[in-house]
Structures are given as structure tokens and as C-alpha cells.
Amino acid sequence: MIGDAAHIFPAEDGLFEETFSTDNTYRVHGLNITIHQDYSASLGVAASVWDSALHLCQFFESESLDLSGTRIIELGGGTGLVGIVAARLERNIAANTPLSGWPSDGPAVSALAWGLDHSRFSSSWDFVLGADIVYLPETFPLLLDTLVHLCRDGAVVYLASTMRREHGAQDFYDRMLPQMFSVELVQRDPENNINIYKATLR
């Protein structure tokens, strides 16, 4: 673990002063997906399903993108305290296992500190996904290094972001990511200020 929770998961004063948990069900690809969420000051913003994640799922559905039989890695735990988040993900994976089992190897959860230990992970992915992970400018170079490593064998990246000016998201997509990737804006939702980008390593 790197840093402290206040640094990694910044939160507004008073955010999640009360600790509670909830199970929410989302309709995705004709399936009901139940996600357990814990809200507490120690987890900060990491415990919630953000709108950009739902937009990314809806984008895959609208594009009829067939992900079956592909190797996918999702980056979503941030650069620190990911073990806490991973524990929550493991619960959600177990809760959403199909009755017939997973069609191939089931999902696995593992900590990955961006820019630090990505070499422990394979570069043989078909897709690298991320939703609302572009919000701390100091992590952008670490995220870029990680994406480059994960995409060495030709993975396609899809990133959905709420375009918060104060967090420098537009700068990441306009200036930093294009240093190493061909970047395409594939969906823009001005009402919710959410963009989805597709990127491939140059």
C-alpha cells in the first residue's frame, strides 16, 4: 500500500460521515447485476459505482461489442489501498457468478499499483477498461506507463470519464494519452459531462 487513504481517495469534508452499505441492482446486457457498495470515510470515493461505469457498459451494449472469449483487464482500484477495494470486488464477483458458471476462466481480483508493479502483469490482453479513473493529475504518468505495458500486444483501451475540469481529465486525453496512443472520442454525453475514449498503442 502506498500513501494514506486521504491522499489516494480524496473526499470532501463530511463525505460519508455516516458509514453504511447497500446493494444496488443494475440492468446490463439484459442481466441483473447486483453490486455491493460500502460507504465510509476510509474508502472515500472508491466504494461507489459512478455514472461513467454505467455509461461504459451501455456503450458496449449499444455497439454490440462482443467481449466473449476475450482477455480483459479492468483498472479501477487506483494506486493505493487497492486491497480494500479488491475485497469488495471479490464479494461482487461471487454474487454475480452465472448459474452455469463462467464461460471460461472466471474473473480474478489483484492489486496493481500503477507505474510501480505493472510488470508483474501480462501484456497479452484484448481489452483494457477503466471508468472514472482519470481524476488525480499526479497519477497520470503512472497510469500512462501502466497502459503502455498492458497494451504491448495490441490491446484496445476503453476509458470512460466524467470530464471534471478541476481534475485535469481533458488534459490527460488531449495531451498525455496521445503521446503513446492513438486516441478517439467514441461517445460524448454533454448532459452528464461523460466521455468515452478508445485508444490503441502507436
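Predicted model: local features only at pLDDT ≥ 70, side-chain atom pairs only at ≥ 80, totals over all residues.

Colleague: Why is Leu147 called buried?

Modeller: The cut-off for buried is under 20% relative accessible area. Leu147 has 0% relative accessibility, so Leu147 counts as buried.

Colleague: And what makes Val148 buried?

Modeller: Same test: buried means under 20%. Val148 has a relative accessible area of 10%, so Val148 is buried.

Colleague: Where do Leu147 and Val148 sit?

Modeller: Leu147 is in helix H4, which covers residues 140-150, and Val148 is in helix H4 too.

Colleague: How do you know what Leu147 is in contact with?

Modeller: Contact needs heavy atoms within 4.5 Å. Leaving out neighbours within four places in sequence, Leu147 has contacts with Leu75, Val128, Val157, Leu159, Phe172, Leu177 and Phe181. With sequence neighbours up to four places away not counted, Val148 touches Met180, Phe181 and Leu201.

Colleague: What separates Leu147 from Leu201?

Modeller: They lie 54 residues apart along the chain, with 8.7 Å between their C-alpha atoms. For Val148 and His118, the C-alpha distance is 9.8 Å, at 30 residues apart in sequence.

Colleague: What about contacts across the whole chain?

Modeller: Take contacts between residues at least 6 apart in sequence: 68% of them join residues at least 24 apart.

Colleague: Which helices and strands does the chain have?

Modeller: There are 5 helices and 7 strands, in the order α-β-β-α-β-α-β-α-β-α-β-β along the sequence.

Technical notes. Residues numbered from 1 in each chain as written. Heavy atoms only, no water. Helix = DSSP H or I, 4+ residues; strand = E, 2+ residues; numbered from the N terminus. Buried < 20%, exposed > 50% of the residue type's maximum accessible area, 1.4 Å probe, protein only.
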